[in-house]
Amino acid sequence: LRAHAVDINGNQMEPPIDLYIYVIDMNDNRPEFKNQVYNGSVAEGSKPGTSVMQVTAFDADDSTTANGLVHYRILSQTPHIPIPNMFTINGATGEISTIATGIDREKVSQYTIIVQATDMEGSLNFGLSNTATALISIADINDNPPELDSKTFLGEVPENAVGVVVANLTVRDKDQPHTPNWNAVYRITGGDSMGHFAIRTDEITNDGKVIVVKPVDYERNDAFTLMVVVSNQAHLASGIPSSPSSSAAVSIKVLDVNEAPVFPSNPKIIRFEEGVPADTTLATFAALDPDRFIQQTIRYSKLSDPANWLKINRTNGRITTTAVLDRESPYMKKNVYEATFLAVDNGSPPATGTGTLQIYLIDVNDNVPVLVPQEALVCERSRHGYPVNITASDLDSEPNAGPYVFELPSYPSSARRNWTISRLNGNYAQLKLRIPYLEAGMYRVPILVSDSGNPPLSNTSVLKVKVCPCDENGDCTVIGAVTVAGLGTGAIITILICIIILLSMVLFFVVWVKRREKERQTKPLLIDPEDDVRDNILKYDEEGGGEEDQDYDLSQLQQPESLDHIMSKPAGVRRVDERPVILESQYPVRPTVPHPGDIGEFIIDGLRAADNDPTAPPYDSLLVFDYEGSGSTAGSVSSLDSSSSGEQDYDYLNDWGPRFKKLADLYGGGGED
């Protein structure tokens, strides 16, 4: 503080002075840990003095005095294994370290330590304290080698089986599961020189699965004894007195099964010249039964024979031909014919083996050469055009094919007189005219072709040569081509006339179609009234007998436009089913609608008009269902008055037909009512 000395008037009496007030610290704050829970770890088997972790507490009091000086101590350790004081703490720095040996993760995986921090230099009488928890995890090391549960394991496997599990090797390891210190590695150290077996580790159980990777043969080896060693992926920690691995023996028994017969040479290749006749023995294609300790019978059959050239003896496998073997057959592939055969034993169940026979056919000169091409075009004058290049085709192969020899035969004489052949090379020659001019037309030129076989084969082929007039470029003209085709002038004219007539008919048809289309667009569409269903009632079904005559004129159900046909009716007996002729109110005429079949609407309108007209007669116009013309051929029925008190004979009602049968029964039956 700064103090000033003044008089009553405020005048400074002395210079100002500074006053210093020192606050003396009191121990009113406890030490506070940065964390309530500290986590640390230490490897199992660590030596005493190994640092584990450090805890830190802060005191707000003056650190230059005892109030702010913090001291650390361990209050408790859980569990007390192997001793209660496995760890110690530096009182000044809070560093925790080991103090004893015997830390083993397999016994205790984690320790819980309560640490206390006290100020006043750790005085329990005057200092303030606080606590925190330290969790110390024990890290695993490979201090426990794997141990097989047994020194001997047993298994069995059928012969020829692959991928099956033969035996299961169980192992124990105390280290932390699913770590390199726990994962087992299996090795076969003896008893499997051919590599028939392998061991795979189960990632979940750590057991070893002995499986077959190469088929075993019962006839060669009926049992195996494997020497197996197991170790960890990680090396065993130093200083561990135990062996890093464990070993055991695996005895495997091989089970015999019925094996399929085996063809010693598969495929079997034999060589013959083509043209082998039928019933020729080619070879014996026999199979062997691998089951040497069981006597079984083998039977043979044919599986595949595309050309059906072969047959096989069922008991000994002898193969003979059933047809001539032809190298040029489409079933041959690169001079090889392939057939497949089956060998079946009588075991239980029967086993089947498959063998392939390949027959290599050596070519012989058995096909004549054929001239190529079959047709050619030559100009009629030898100075125009070009010669014809010819060659030959032979189904045989070298040396029974080319080079070829092309010759003109001596007969007919016109061949050598008109044509000549010149050799180009071993496979090609040229045919051209010998004379300066040859009349246009179709000529058949025989050419003798010979191959190079031993002995050679010859064939006379006919070359169709079209001789035609040519232009300066040596190309056949159109007229010449037609002439060569054999068509005369009359035939050509006839063809042209037919083409013109056909084109005229097509043109006339197109014009007629266009005209009809135009008429349809200008004229309205006319429909036969009988085909117009809009003004007709469609009859779908009948229910009941009804009257004999049901051909009704439904137009009477419409409001009539005129009553002239009724007013002109002569005086006589009126009928209740006719419209009355007395003067009555004129109902509004219902206009003609496009659909007169709408009877419901018409009846509702007429009923409404009749109900609202007080002058309407007792005859309702809606009762007029049909009009049957003027007059009636029937007599008066007034004599049937039922109100008459006199006796009356009604027997004549029986003569009126079935329609009056009910009425005759009521009045003419003679019974009392």
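A salt bridge is a side-chain nitrogen of Lys or Arg within 4 Å of a carboxyl oxygen of Asp or Glu. With that in hand, I looked up the charged side chains of this predicted model, and I noted that Arg105, Glu106 and Asp140 are linked in a network of salt bridges.

**Entry on salt bridges**

I searched the whole structure and found ten salt bridges, and I then went through some of them one by one. I looked at arginine 172, which pairs with glutamate 147, their closest N and O atoms lying 3.8 Å apart. Arginine 172 belongs to strand S15 (residues 171-172) and glutamate 147 to strand S12 (residues 147-148), so this pair ties together parts that are 25 residues apart in sequence. I checked accessibility as well: arginine 172 is partly exposed at 46%, and glutamate 147 is partly exposed at 39%.

I next turned to arginine 220 and aspartate 217, whose side chains meet in a salt bridge of 3.8 Å, N to O. Here I noted that arginine 220 is exposed, with a relative accessible area of 74%, whereas aspartate 217 is partly exposed at 22%.

I also looked up lysine 302, which meets aspartate 305 in a salt bridge of 3.2 Å, N to O. Lysine 302 is partly exposed, its relative accessible area being 33%, while aspartate 305, at 13%, is buried.

**Entry on disulfides**

I counted two disulfides in the model. One of them joins cysteine 379 to cysteine 470, with 1.9 Å from S to S. I found cysteine 379 in strand S29 (residues 375-379) and cysteine 470 in the loop between strand S35 (458-468) and helix H2 (478-484), so the link ties together parts that are 91 residues apart in sequence. I read an angle of -100° about the S-S bond, which goes with a left-handed link between cysteine 379 and cysteine 470. Cysteine 379 is buried, at 5% relative accessibility, and cysteine 470 counts as buried too, at 16%.

I then examined the disulfide between cysteine 468 and cysteine 476, where S to S is 2.1 Å. Cysteine 468 is buried, with a relative accessible area of 0%, but cysteine 476 is partly exposed at 26%.

Counting the bonded cysteines along the chain, I wrote down the pattern of the disulfides as 1-3, 2-4.

I made a separate note on cysteine 498, which is partly exposed, with a relative accessible area of 46%.

Terms used:
Residues numbered from 1 in each chain as written. Predicted model: local features only at pLDDT ≥ 70, side-chain atom pairs only at ≥ 80, totals over all residues. Heavy atoms only, no water. Disulfide = S-S within 2.5 Å. Helix = DSSP H or I, 4+ residues; strand = E, 2+ residues; numbered from the N terminus. Buried < 20%, exposed > 50% of the residue type's maximum accessible area, 1.4 Å probe, protein only.
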